[in-house]
Amino acid sequence: MQETVLYSVPQTADTATLYVLDKSERVTEYSLSDYAKIGRQTPDSRVEVPLNSSIASRSHGEIQQMEGVYYYRDTDSLNGTYINGIPYGKNSPNKVRRLENGDVLRIDQKNLNRSHQDAVLIIFL
């Protein structure tokens, strides 16, 4: 049985990395600095982290760094965001989350037991 292991590289206080897996089935790496908007990729997208997914909103969420700490905020997206399995967004009391090394963000429909074909996984390191 093969085991997949992600290694984290020490980050400076002002940088972090997102690894995004969407329906293209390839992992894309994004380096973050102070602010990044995350959303569905369209011809007129103005996002730093474009997602190839029909269930992601055009403006799904944002990551912002404040004093060396990164925070995720779901921008009232239709399907919301799950961080380590906890819902964040429009239909949840949770709106903002401090991100920790290794957090898994998932854009999916409400039933996490049956992933949607356009679900997106994002790992924060």
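**Entry 1. Second largest pocket**

I began with the second largest pocket, which holds about 190 Å³ of space. I took a pocket to be an open set of points on a 1 Å grid over the protein atoms alone, where a 1.4 Å probe fits and protein lies on both sides within 12 Å along at least five of seven lines. A lining residue has an atom within 4 Å of a point. The volume is the space filled by probe spheres set on the points, which are joined across faces, edges and corners.

I looked up the lining next: it has 14 residues, and Asn79, Gly80, Tyr82, Asn91 and Lys110 are the closest to the pocket centre. The elements giving two or more residues to this lining are β7 (81–83) and β8 (86–88). Strands are DSSP runs of E with at least two residues, numbered from the N terminus. By class, I recorded four nonpolar, eight polar and two charged residues in the lining. Here Ala, Val, Leu, Ile, Met, Phe, Trp, Tyr, Cys and Pro count as nonpolar, Asp, Glu, Lys and Arg as charged, and the others, Gly among them, as polar.

**Entry 2. Basis of the values**

I note that the model is predicted, that local features need pLDDT of at least 70 and side-chain atom pairs pLDDT 80 or more, and that totals for chains, interfaces and linings use all residues. Residues are numbered from 1 along each chain as its sequence is written, and side-chain values use heavy atoms, with hydrogens and water left out.

**Entry 3. The sheet**

I traced an open sheet of six strands in the order β2-β1-β11-β10-β7-β8, with antiparallel pairing. Two strands pair if DSSP finds at least two bridges between them. β2 (27–32) and β8 stand at the edges with a single partner strand each, so one side of each has no neighbour in the sheet. The twist from one strand to the next averages 25°, with axes fitted as lines to C-alpha atoms and angles running from 0 to 180 degrees between N-to-C directions.

I then examined two pairings. β1 (residues 16–21) is joined to β2 by six bridges, and Val20 stands opposite Thr28 in β2. These two strands form a hairpin with five residues between them, and Glu25 in the turn has a positive phi of about 60°. Four bridges join β10 (residues 104–107) to β11 (residues 120–124); Leu105 has Ile122 in β11 as its bridge partner.

**Entry 4. Salt bridges**

I found five salt bridges in the structure, each a side-chain nitrogen of Lys or Arg within 4 Å of a carboxyl oxygen of Asp or Glu. For burial I used relative accessible area: buried under 20%, exposed over 50%, partly exposed in between (1.4 Å probe, protein chains only).

Lys23 and Asp118 meet at 3.8 Å, N to O. This pair links distant parts of the chain, 95 residues apart: Lys23 lies in the loop between β1 and β2, and Asp118 in the loop between β10 and β11. Lys23 is partly exposed at 40%, whereas Asp118 is buried at 5%.

Arg106 and Asp108 form a salt bridge at 2.6 Å, N to O. I recorded Arg106 as buried at 19% and Asp108 as buried at 0%.

Glu100 and Arg98 form another at 3.3 Å, N to O. Glu100 is partly exposed at 37%, and Arg98 is partly exposed at 45%.

**Entry 5. Leu125**

Where does Leu125 lie? I located Leu125 in the segment after β11. Leu125 is buried, with a relative accessible area of 10%. Leu125 and Leu18 are 107 residues apart in sequence and 6.3 Å apart in space, C-alpha to C-alpha.
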